[in-house]
Amino acid sequence: MDEFDIERAKKEMQPWNWWGIPTFFKCPWDEDPANCDIALVGVPHSSGNGSTERDQHLAPRAIRNTSGWYRRAHQHYGIVPWDIARINDLGDAPLPEAMVNDISVEHIEAYFKTLDAAGTRPVSVGGDHAITGPILKAIAGAGAKTTGGEKTALLHFDAHRDDYQHIPHWLGSRRSAAHWAHYTVVEDHVDPERSVQLGMRGNPIKPREDVNHSILGYKLITADDFFSIGIEKTVQIIRDRVGYAPLYITFDLDVLDPTEAPAVANLEPLHRGLRAWECLQIFHGLRGMNIIGADIVCMIPTKDTAANITSMTAMAIMFEFIALIADYLNSR
Ligand SMILES: [Mn+2]
């Protein structure tokens with residue numbers, strides 16, 4: 001046997017899922033946001049939603065594990081994201097007071113401000129939906145470098161509206177997973193006139209007056225609306241509404257039908273949810289848009305199937321967001 005070149009062998013092994021350290025998509029681990037165009041970030045935060053099980057902080061670890069399988073080219077766009085953009089795993093947002101939601105959201109905001117200052121675009125894995133408020137505050141609105149101080153458009157996939165201005169607190173949290181879609185509008189980080197909430201369904205805790213519209217100004221496309229108007233019309237509504245504004249995407253996995261994503265925090269059974277492939281068609285319809293960041297939230301890996309289907313679906317969605325941003329950056 002010739003001399004074994006160990007360093008070369010390590011490079012050859014690097015793409016294989018079961019070999020080495022499981023970073024997101026086996027990207028380099030580099031905590032400096034200045035070193036990447038797209039920042040893959042875990043936000044292991046679980047104290048923003050006390051209405052259900054709280055193992056949502058375990059999702060970044062689960063998706064790091066499954067995503068190694070999926071370091072792929074994007075066939076539909078004809079790109080290899082890892083080759084056309086600098087994409088690193090930055091690790092996790094530090095949460096030294098993880099049990100206290102309203103302090104943790106401030107820590108999340110401070111962390112994401114370092115990404116904003118570096119000019120990188122985050123694709124994050126929660127955590128519960130309380131993480132989206134501080135991310136939006138850090139990267140959009142007055143003082144944000146990412147949007148040049150402008151508000152962002154928001155595309156919000158969810159079974160729930162998370163806009164509970166009429167609930168003063170959620171088990172003590174005032175910036176919870178149920179409040180973020182409200183306070184980011186009234187504090188001028190999100191422009192509701194350019195934003196869409198998509199996929200809402202099921203029964204609320206109390207009957208709402210504004211069942212088919214948003215008094216905050218969002219365009220609301222309920223799951224039933226979506227099933228009647230279809231994918232193409234939905235994409236057209238989103239593109240017309242967002243226009244050339246910067247766009248942030250937040251994806252609560254409970255928008256998916258529970259048959260495809262069982263391991264989520266607030267399951268909505270009986271009422272039909274979106275299929276993963278329908279979401280995929282919508283993502284493809286967003287190609288070319290100025291997507292400044294995205295997150296995937298509300299996964300509880302301890303409830304997943306033996307085949308980790310929710311984790312696999314979540315990481316495939318994460319890949320789509322990475323590909324959309326890499327493709328946009330590459331086409332500028
Ligand atoms: Mn939800």
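**Reading a predicted model**

Visitor: How do you know that the span of helix α4 agrees with its number of residues?

Guide: Helix α4 covers residues 101-118, which is 18 residues.

Visitor: Which residues of α4 are buried?

Guide: The buried residues are Asn101, Ser104, Val105, Ile108, Glu109, Tyr111, Phe112, Leu115 and Asp116. The cut-off for buried is 20 or more other C-beta atoms within 10 Å. An α-helix has 3.6 residues a turn, so residues three or four places apart point the same way.

Visitor: What covers the buried residues of α4?

Guide: The cover includes β1 (38-43), β3 (121-126) and α5 (132-139).

Visitor: What makes β3 largely enclosed?

Guide: Six of the six residues of β3 are buried, so the rest of the structure largely encloses this strand. Both faces are covered. Arg121, Val123 and Val125 are buried on one side, and Pro122, Ser124 and Gly126 on the other.

Visitor: How many bridges does β3 form with β1, and how many with β8?

Guide: With β1, β3 pairs in the parallel sense over six bridges. Ile38 has Arg121 of β3 as its bridge partner. With β8, β3 pairs over three bridges, again in the parallel sense. There, Val125 has Ile296 of β8 as its bridge partner.

Visitor: What is the strand order of the open sheet?

Guide: Eight strands run in the order β2-β1-β3-β8-β7-β4-β5-β6, with parallel pairing. On average, neighbouring strands are turned by 15° against each other, direction ignored.

Visitor: Why are β2 and β6 called edge strands?

Guide: Strands β2 (87-92) and β6 (219-222) each pair on one side only. For β6, the pairing with β5 (residues 196-200) is parallel and has four bridges. Leu198 stands opposite Ile221 there.

Visitor: Where does α5 lie?

Guide: Helix α5 lies across β3, β7 (247-252) and β8 (291-297). It runs at about 170° to β8.

Visitor: What kind of peptide bond joins Gly126 and Gly127?

Guide: That bond is cis, with omega about 10°. Gly127 sits in the loop between β3 and α5.

Visitor: Why is Asp188 called partly exposed?

Guide: Asp188 has 13 C-beta neighbours inside 10 Å. Exposed requires 12 or fewer and buried requires 20 or more. So Asp188 counts as partly exposed. Asp188 is in the loop between α6 (180-186) and β5. Its phi is near 70°, a positive value in a residue other than glycine.

Visitor: Does Leu270 count as buried or exposed, and why?

Guide: Leu270 has 10 C-beta neighbours inside 10 Å, so it counts as exposed. Leu270 lies in the loop between β7 and α8 (276-284). Although not a glycine, Leu270 has a positive phi of about 75°.

Visitor: What does Thr52 contact beyond its neighbours within four places in sequence?

Guide: Thr52 is in contact with Ala265 and Asn266. From Thr52 to Leu267 the C-alpha distance is 9.5 Å, although these two are 215 residues apart in sequence. Thr52 lies in the loop between β1 and α2 (59-67). With 15 C-beta neighbours inside 10 Å, Thr52 counts as partly exposed.

Terms used: Residues numbered from 1 in each chain as written. Predicted model: local features only at pLDDT ≥ 70, side-chain atom pairs only at ≥ 80, totals over all residues. Helix = DSSP H or I, 4+ residues; strand = E, 2+ residues; numbered from the N terminus. Expected span 1.5 Å × (residues − 1). Contact = placed C-beta atoms within 7 Å. Pairing = 2+ DSSP bridges. Axes fitted to C-alpha atoms, helices over the stretch in contact; angles between N-to-C directions.
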